[in-house]
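Here is a brief report on a predicted model. Look at the sequence and structure first.

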There are 2 protein chains.
Amino acid sequence: MSDAADRVWITDVGPRDGLQNESTPVPTAAKINLVDALSAAGLPDIEATAFVRASWVPQLADASEVMHGITRRQGTLYTVLVPNERGLDRAMEANPDKVAVFTAASETFAQRNTNASIDETFDRFAPVFERCSAAGLPVRAYVSTAIACPYEGAVAPGAVVRLIERLVDLGPCEIDLGDTIGAAGPEDIDALLDAVGGTVELSELVLHLHDTGGRALACAQRAIERGVRRFDAACGGLGGCPFAPGAPGNLSTSSLVRHCEATGLHTGIDVDAVDTAARAIRSVLNS
Amino acid sequence: MSDAADRVWITDVGPRDGLQNESTPVPTAAKINLVDALSAAGLPDIEATAFVRASWVPQLADASEVMHGITRRQGTLYTVLVPNERGLDRAMEANPDKVAVFTAASETFAQRNTNASIDETFDRFAPVFERCSAAGLPVRAYVSTAIACPYEGAVAPGAVVRLIERLVDLGPCEIDLGDTIGAAGPEDIDALLDAVGGTVELSELVLHLHDTGGRALACAQRAIERGVRRFDAACGGLGGCPFAPGAPGNLSTSSLVRHCEATGLHTGIDVDAVDTAARAIRSVLNS
């Protein structure tokens, strides 16, 4: 295997996707500590926060303070999520290394989660791509509900392919397919990768897995066998459903790192340091 | 104890609040069977469906068909949920016995769940109250997130009191306080009832409990001790979080009936018939 094939790239989305789903208010200092601890653990990419309306996601209202408070480590990218140009205006002042935008493969989920149709999400982020391109900033494009929608049920892989075709035209640095409700089993990953493989290089795809059904790691393993090398995960498995406190959240970063290292793949991440970071943020959430 | 104090009134919200949170599409015939089975079991009140935009809640797009397909039993009220006057227009054609409207005690939840501020929810349902009053139709008023909000955390009982004061002016037949995410313990029920007791008779209040934290029945018992006699529940405990399939949903109707009867309170409900109805709808959801 080549060096590239031996390497798995993990983005820790705990500070954003994880905390976003926690109703316990987290102090800004604890968020900064979390990002700094993940930096120290060697994470190559950290989704640090989101610049969204505070009334929509109160937990992330302090996005600017977090971005200005963190200590940046050479070798780590600090990504921020934005829903539209207004979010980008605020994000730009925080000097991110990467910007993330989002759409969904399910029309109902787009409506409920972003208050926009799928087409409208493209209208919102098309100018974000333009301005980021001019500024030399890479853009990650999320596709939520790539496996199943909490309102509509199973999502056809063909719907995901059509979205990817539209996204590729905008020039994202990576396309991130999310199993938002953790419904996938390995066979669903196969079906999804079979469908999208003709449109995007699997090595340039990101998978965003949730462990609601306890199968996130099995799905990651299947994706690795198929050639996927980029994954999201969250320190401490943060990010359970906001309606079901304690429900499993994102694929745990430590679990994924341990699995990769055990199977001869390298992540560059210090798993013990991730565990320490997870305990620290969990103690804040449970206090 | 008087007859009234011996009696607990249960509304089965399974066909509406329960199915609304299930991503598995349920055939119209199965919904009709569920309502008919609950009627046969002696439920005094059944929230049969909701007249909301199909793009917002695809599962309930067949509300008219359900209402026209059910067999009405003498002694059961058939309630339908409407968000606004447009929903009421459609609902009126289905000849409901009661109409339910909703607001929330948390501004963020109102935004996310109804795409409206709390004030805007009042603007939406004020004309619903007027038209229902003219038509002699009783109106139930829901207050979601009366205990905690998935986005903002704990909700102050004072915020619920202020909402109730505004609602009482509109003339609802009952006010239904919802622990939408199942966060309450008995001590939270005490605090809530302490706060609202000066504004509304506890015997005219409805509690809507979810069992996410496994404490719904303990909360119901505490409320009964305090004088509450009206509860929502769902056949089979339907209504887990759409983001966490399998998570506990509403307080189970059978559990509440058994608990009431064991403590000398009457419900008029045939618990075995409710269990049969639960098995039937669960088999549809799991098929």
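## How the copies meet

Of the interface residues of chain A, 100% are also interface residues in chain B, so the copies meet through the same surface. Two copies of a chain are related by a rotation about an axis and a shift along it. Here a rotation of 180 degrees with 0.0 Å of shift along its axis superposes chain A on chain B, RMSD 0.0 Å (least squares on the C-alpha atoms of residues with pLDDT of at least 70 in both). That is the relation of a two-fold axis.

## Basis of the model

Residues are numbered from 1 along each chain as its sequence is written, and chains are lettered from A and ligands numbered from 1 in the order in which they are written. In this predicted model, local features need pLDDT of at least 70, side-chain atom pairs count only at pLDDT 80 or more, and totals for chains, interfaces and linings use all residues.

## Chain A overall

The C-alpha trace of chain A spans about 45 × 45 × 40 Å along its principal axes. Buried residues account for 54% of its 287 residues (buried: 20 or more other C-beta atoms within 10 Å of the residue's own, with C-beta atoms placed from the backbone).

## A helix pair

Helix α11 (residues 253-262) of chain A packs on helix α12 (residues 271-286) of chain A (helices: DSSP runs of H or I, at least four residues, numbered from the N terminus). The angle is about 165 degrees and the axes are 9 Å apart (axes: lines fitted to C-alpha atoms over the stretch in contact; angles: 0 to 180 degrees between N-to-C directions). That makes α11(A) roughly antiparallel to α12(A) (angles over 145 degrees).

Technical notes: Buried ≥ 20, exposed ≤ 12 C-beta atoms within 10 Å, placed from the backbone. Contact = placed C-beta atoms within 7 Å. Helix = DSSP H or I, 4+ residues; strand = E, 2+ residues; numbered from the N terminus. Parallel < 35°, antiparallel > 145°, perpendicular 65-115°, else oblique.
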